[in-house]
Amino acid sequence: MNGKFVTIEGCDGVGKSTQVRLLKERFEREGIDAVFTREPGGTPIAEKIRGIILDAGNSEMDGLTELFLYEASRRQHTLEIIEPALQSGRLVVCDRYIDSTLAYQGYGRGLDTDMIRKLNEWAMGDAKIDLTLFLNVSSQEGFSRKGGANGGDRLEKEKSDFYERIYDGFLTIAEREERVVKIDASGDKYSTHEKLYGYLKDNGYIR
Ligand code: TYD
């Protein structure tokens, strides 16, 4: 596959969706060809699975069930969108991918990380990530941007502990995997955008 595969990761509340949108708009303005896609979702089947996972009404969902759904959605998305785009030499920018599963289901929910790595490999097949941009904002700041953790009741505390585990998980992944680059996303959205765009440009992902 001669295209390039870039994933963008980060905790909830770090402004990831905004950054992906700003990149997409800039690429369009500058005529840079890229496939923008997201997880969970990205294809009709995968979007249906996304609906099941993110449906607040499915509160009794088991953690493993949730994991399998993320992986099922990923498999379909990879086969239908990511692999064909890479094969035709295009740049793929994916909002969340395998590291989200390791961070959220593994480090966050406590499922076995070795098992998740294996499932990720199965779901990815022949696709290979070239670069992962991790939007780095401390878990506390991200959580308060989301409007959480002010009251400090038990549930809020649980949530903030959960986000802290996820954040630490991302940092662990960043240390283990050479492809992961941490981008400081604590400033305003335009300066973060320039850092992302600049990294892609300086490293030959875009011209
Ligand atoms: P989404 O509305 O897309 O949020 P965001 O804009 O933050 O990406 O919801 C995705 C949610 O799913 C987010 O809370 C992270 C979570 N998630 C997992 O727990 N595991 C995964 O493998 C993926 C891809 C996402």
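At what angle do helix α4 (residues 98-108) and α5 pack, and how far apart are their axes? The two helices pack at an angle of about 155°, and their axes lie 10 Å apart. Here axes are lines fitted to C-alpha atoms, for helices over the stretch in contact, and angles run from 0 to 180 degrees between N-to-C directions. Helix α4 is therefore roughly antiparallel to α5, a label given to angles over 145 degrees, with those under 35 counted as roughly parallel, 65 to 115 as roughly perpendicular and the rest as oblique. The model is a predicted one, in which local features need pLDDT of at least 70 and side-chain atom pairs count only at pLDDT 80 or more, while totals for chains, interfaces and linings use all residues. Residues are numbered from 1 along each chain as its sequence is written, and side-chain values use heavy atoms, with hydrogens and water left out. Helices are DSSP runs of H or I with at least four residues, numbered from the N terminus.

The crossing of α4 and α5 is right-handed, meaning that the near helix is turned clockwise from the far one by less than a right angle. On the α4 side, the contact (heavy atoms within 4.5 Å) includes Ile 98, Leu 102 and Tyr 107, and on the α5 side it includes Ile 116, Arg 117 and Met 124. The residues of this contact divide into five nonpolar, five polar and one charged.

Helix α5 (residues 113-124) also packs against α3, at an angle of about 30° and with the axes 8 Å apart. This makes α3 roughly parallel to α5. The crossing of α3 and α5 is right-handed. Among the residues making the contact are Leu 64, Phe 68 and Arg 75 of α3, together with Leu 119, Trp 122 and Ala 123 of α5. This contact is made up of nine nonpolar, two polar and four charged residues.

Helix α3 (residues 63-87) is also the place of His 77. This histidine is buried (under 20% relative accessible area), with a value of 0%. Beyond its neighbours within four places in sequence, His 77 is in contact with several residues, including Thr 37, Gly 41, Ile 82 and Cys 94.

What of the cysteines? A search of the whole structure finds zero disulfides (pairs of cysteine sulfur atoms within 2.5 Å). The sulfur of Cys 94 is 17 Å from the closest cysteine sulfur, in Cys 11, and so is too far for a bond. Cys 94 is buried at 0% relative accessibility, and Cys 11 is buried with a relative accessible area of 5%.

Methods
Buried means under 20% relative accessible area, exposed over 50%, partly exposed in between (1.4 Å probe, protein chains only). Ala, Val, Leu, Ile, Met, Phe, Trp, Tyr, Cys and Pro count as nonpolar, Asp, Glu, Lys and Arg as charged, and the others, Gly among them, as polar.
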